[in-house]
Amino acid sequence: MFNGFAIEKIIIVAVIAAIVIGPERLPQAAEWLARAVRRTKEYVQSARTRVESEMGEDFSEVDWQKLDPRQYDPRRIIREALLEDDAPASARPAAVIAPPRTEPLVARVFSAEEPPPFDDEAT
């Protein structure tokens, strides 16, 4: 219910609240908190019931555990997507590695009249 809350944290918050609120108003604050929690539970339950009635039978068939975003691991998803080919791994071609380039990507010859665009002596 309290995902991420340890019992020690809850106790510390309760002690601080008791000190701040004071012993005179503590029972009233506890009653207010209990009413608020009850109303929230009722609201959530009524919303769930309304959604189920409006969505119909298809809504109850949804597997909510499968749709939980916390279960998704991007590495696993990519691995499964890459391996979902019908061919077995041994039949797949090996990766081809291109040899390193020995020539420049762009070769341009400059004449004596036309200096290179980035001439260090000109600056």
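Let me begin with burial: of the 123 residues in the protein chain, buried residues make up 2%. What you see is a predicted model. The accessible surface of the protein chain comes to about 12300 Å², and 61% of that surface belongs to carbon and sulfur atoms.

Next, confidence. The average pLDDT of the protein chain is 76, and 63% of the residues score at least 70.

As for secondary structure, the protein chain has 4 helices and 0 strands, so that the pattern along the sequence reads α-α-α-α. Which elements have the lowest and the highest mean pLDDT? The lowest, 70, belongs to helix α3, residues 57–60, and the highest, 91, to helix α2, residues 26–55.

Let us stay with helix α2. With 30 residues at 1.5 Å a residue, α2 should span 44 Å, and the distance of 43 Å between its end C-alpha atoms agrees with this. After α2 comes G56, which has a positive phi, near 90 degrees.

E54 pairs with R50, and their closest N and O atoms are 3.0 Å apart. Both residues lie in α2, 4 residues apart, or about one turn of the helix. In general, an α-helix has 3.6 residues a turn, so residues three or four places apart point the same way. Are these two partners buried or exposed? E54 counts as exposed because its relative accessibility is 57%, and R50 counts as exposed because its value is 56%.

By the rule applied here, the count is 3 salt bridges. Another of them joins R76 and E80, with 3.3 Å from N to O. These two residues are 4 residues apart in helix α4, residues 74–83, and so are separated by about one helical turn. R76 is partly exposed, at 28% relative accessibility, and E80 is partly exposed, at 44%.

There is also a salt bridge between R75 and D73, whose closest N and O atoms are 3.6 Å apart. Here R75 is exposed, with a relative accessible area of 61%, whereas D73 is partly exposed, with 26%.

Which residues make the nonpolar surface patch of about 610 Å²? They are F5, I7, I10, I11, V15 and I19. F5 is found in the segment before α1, which covers 7–21. With 53% relative accessibility, F5 counts as exposed, since the cut-off for that term is over 50%.

Thank you for your attention.

Definitions and conventions. Residues are numbered from 1 along each chain as its sequence is written. This is a predicted model: local features need pLDDT of at least 70, side-chain atom pairs count only at pLDDT 80 or more; totals for chains, interfaces and linings use all residues. Side-chain values use heavy atoms; hydrogens and water are left out. Buried means under 20% relative accessible area, exposed over 50%, partly exposed in between (1.4 Å probe, protein chains only). Accessible areas come from the Shrake-Rupley method with a 1.4 Å probe; for residues, only the protein chains shown count as cover. pLDDT is the predictor's confidence in each residue, from 0 to 100. The expected span of a helix is 1.5 Å times one less than its number of residues. Patches are made of residues with over 30% relative accessible area and no salt bridge: like charges are joined within 9 Å, nonpolar side chains (Val, Leu, Ile, Met, Phe, Trp, Tyr) within 5 Å. A salt bridge is a side-chain nitrogen of Lys or Arg within 4 Å of a carboxyl oxygen of Asp or Glu.
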